[in-house]
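Morning, everyone. I have one structure to walk through today. Let me put it up on the screen.

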Amino acid sequence: SVDGRTPDATTRDVLVGTKSPVVTYSGTDNFSEFNDYITYETSTDDANYTDRSLIRSIKLANLTEGVNFVYVRGHDFANNLSLDPNQGAPQAHARMIVDTLPPTTSIVSAPATYINTQQATVAYTGADAGSGVQDYLLQLDTQPSLAPTTATSSSFNGLAEGVHTIAVNARDRLLHVDPLGMKALFTVDLT
């Protein structure tokens with residue numbers, strides 16, 4: 001029989017926490033008995049394609065922080081070139097967002113240095129140029145950390161008299177935590 005169909009290819013977005021990820025790929029063909037004979041070429045960020053090979057993975061090196069593209073073309077046993085069904089292009093590609101850096105945290109508003117109430121509210125924000133901020137980790141004084149929250153402000157009630165610290169650390173989508181974070185330091189004085 002004659003094979004006139006191209007092998008399938010797909011496209012997706014991938015978050016990676018390293019500049020040297022291993023990318024695996026595979027293809028299918030309408031003549032499934034030939035799936036093991038699909039050869040592949042790869043390229044990153046519009047560089048020249050590698051030589052065709054039966055190998056189904058590649059270790060990339062020295063990707064830049066931010067968005068990188070990995071392209072894969074498959075050739076079936078009849079030498080048909082793969083098409084990405086989403087793009088109509090003769091390749092599949094992954095948009096790889098390389099994020100090896102932690103986010104940063106800022107406190108937008110905090111209690112005054114001295115307050116005469118047992119309630120305090122802190123507002124905060126985070127920034128992450130790679131994968132984006134996922135949530136925030138908060139801790140009051142030396143108590144265990146609170147559950148992660150996506151809220152950008154938190155209130156604490158029933159505070160005892162004395163000095164208090166609210167620590168805030170942004171966390172990105174790859175679970176990198178701001179190692180410095182920010183702290184709001186204040187004193188509750190009810191007298």
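In numbers, that is 13 strands and 0 helices. Bear in mind that this is a predicted model.

Now the chain as a whole. It has 191 residues, and 38% of them are buried. The exposed surface comes to about 10700 Å². Carbon and sulfur atoms supply 51% of that area.

What about contacts along the sequence?

Next, the charged pairs. How many salt bridges does the structure hold? The count is 2.

Start with Glu-41 and Arg-73. They form a salt bridge, and their closest N and O atoms are 2.9 Å apart. Glu-41 sits in strand β3, residues 39–44, and Arg-73 sits in strand β5, so this pair ties together parts 32 residues apart in sequence. Is Glu-41 buried or exposed? Its relative accessibility is 11%. The cut-off for buried is under 20%, so Glu-41 counts as buried.

Now the pair Asp-135 and Arg-171. Their side chains meet in a salt bridge, at 2.8 Å from N to O. Asp-135 belongs to strand β10, residues 133–140, and Arg-171 to strand β12. The pair therefore links parts that lie 36 residues apart in sequence. And the burial here? Asp-135 is buried, and Arg-171 is buried too.

On to the backbone. Some background before I name residues. Most residues other than glycine have a negative phi. With that in mind, two residues deserve a look.

Take Asn-62. Its phi is near 60°, a positive value in a residue other than glycine. Where does Asn-62 lie? It is in the loop between β4, residues 57–59, and β5, residues 66–75. The relative accessible area of Asn-62 is 69%. Exposed means over 50%, so Asn-62 is exposed.

Then Leu-175. Here phi is near 70°, again positive, and again the residue is not glycine. Leu-175 lies in the loop between β12, residues 162–172, and β13, residues 182–188.

To recap, then. The chain has 13 strands and 0 helices. Glu-41 pairs with Arg-73, and Asp-135 pairs with Arg-171. Positive phi values turn up at Asn-62 and at Leu-175. That's my part; over to you.

Terms used: Residues are numbered from 1 along each chain as its sequence is written. This is a predicted model: local features need pLDDT of at least 70, side-chain atom pairs count only at pLDDT 80 or more; totals for chains, interfaces and linings use all residues. Side-chain values use heavy atoms; hydrogens and water are left out. Helices (H or I, at least four residues) and strands (E, at least two) are DSSP runs, numbered from the N terminus. Buried means under 20% relative accessible area, exposed over 50%, partly exposed in between (1.4 Å probe, protein chains only). Accessible areas come from the Shrake-Rupley method with a 1.4 Å probe; for residues, only the protein chains shown count as cover. A salt bridge is a side-chain nitrogen of Lys or Arg within 4 Å of a carboxyl oxygen of Asp or Glu.
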